[in-house]
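Reader: I'd like to learn how to read salt bridges in a protein model. Could you walk me through it?

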Amino acid sequence: FSSGFCTYQKNEKALANAMFERETKREKILEARQREIRVKERAKSEQGKVVEHKDEDEEETIEFKIEQAETAFFETIDQERQRFEMEAEKMDEREKTASEEEEEMDDY
């Protein structure tokens, strides 16, 4: 290897620190810009909304959320029951096939 790869130069540490400082500053600036953009978007979306205090959104009511949870629960139960039944049928078919093969072997 070249000696330039192995030995430090006099100002190498200062250059590396300066580079890290620039990158850190750049990241902070980019994060601040992202925050500003998000704030502007939120402000625009809030201005565009018509807020009605009388009527609650159906999706926000507790009853609707409970209904959604129950529906998802029962759908999952049905899917698992169907999967279990299919696996049971496959096991029955395998046992039937195995017993038929065993009977054929006994016939010889």
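**Reading salt bridges along a helix**

Author: Happy to! Keep in mind that this model is predicted. As a general idea, side chains of opposite charge can pair when their charged atoms come close.

Reader: How many salt bridges does a search of the whole structure find?

Author: The search turns up five salt bridges. Let's begin with arginine 83 and glutamate 80, whose side chains meet in a salt bridge at 2.5 Å, N to O.

Reader: Where do arginine 83 and glutamate 80 lie?

Author: Both lie in helix H3, three residues apart, which is about one turn of the helix.

Reader: Is arginine 83 buried, partly exposed or exposed?

Author: Its relative accessibility is 41%, so arginine 83 counts as partly exposed. Glutamate 80 is partly exposed too, because its relative accessible area is 39%.

Reader: What does arginine 81 pair with?

Author: One partner is aspartate 78, in a salt bridge of 3.7 Å, N to O. Another partner of arginine 81 is glutamate 85, and here the salt bridge is 3.2 Å, N to O. Glutamate 85 and arginine 81 are four residues apart in helix H3, again about one turn.

Reader: Which residues do the shared partners join into one network?

Author: Asp78, Arg81 and Glu85 are joined in this way.

Reader: And how accessible are they?

Author: Arginine 81 has 40% relative accessibility, so it counts as partly exposed. Aspartate 78, at 37%, counts as partly exposed, and glutamate 85 is partly exposed with a relative accessible area of 37%.

Notes. Residues are numbered from 1 along each chain as its sequence is written. This is a predicted model: local features need pLDDT of at least 70, side-chain atom pairs count only at pLDDT 80 or more; totals for chains, interfaces and linings use all residues. Side-chain values use heavy atoms; hydrogens and water are left out. A salt bridge is a side-chain nitrogen of Lys or Arg within 4 Å of a carboxyl oxygen of Asp or Glu. Buried means under 20% relative accessible area, exposed over 50%, partly exposed in between (1.4 Å probe, protein chains only). Helices (H or I, at least four residues) and strands (E, at least two) are DSSP runs, numbered from the N terminus.
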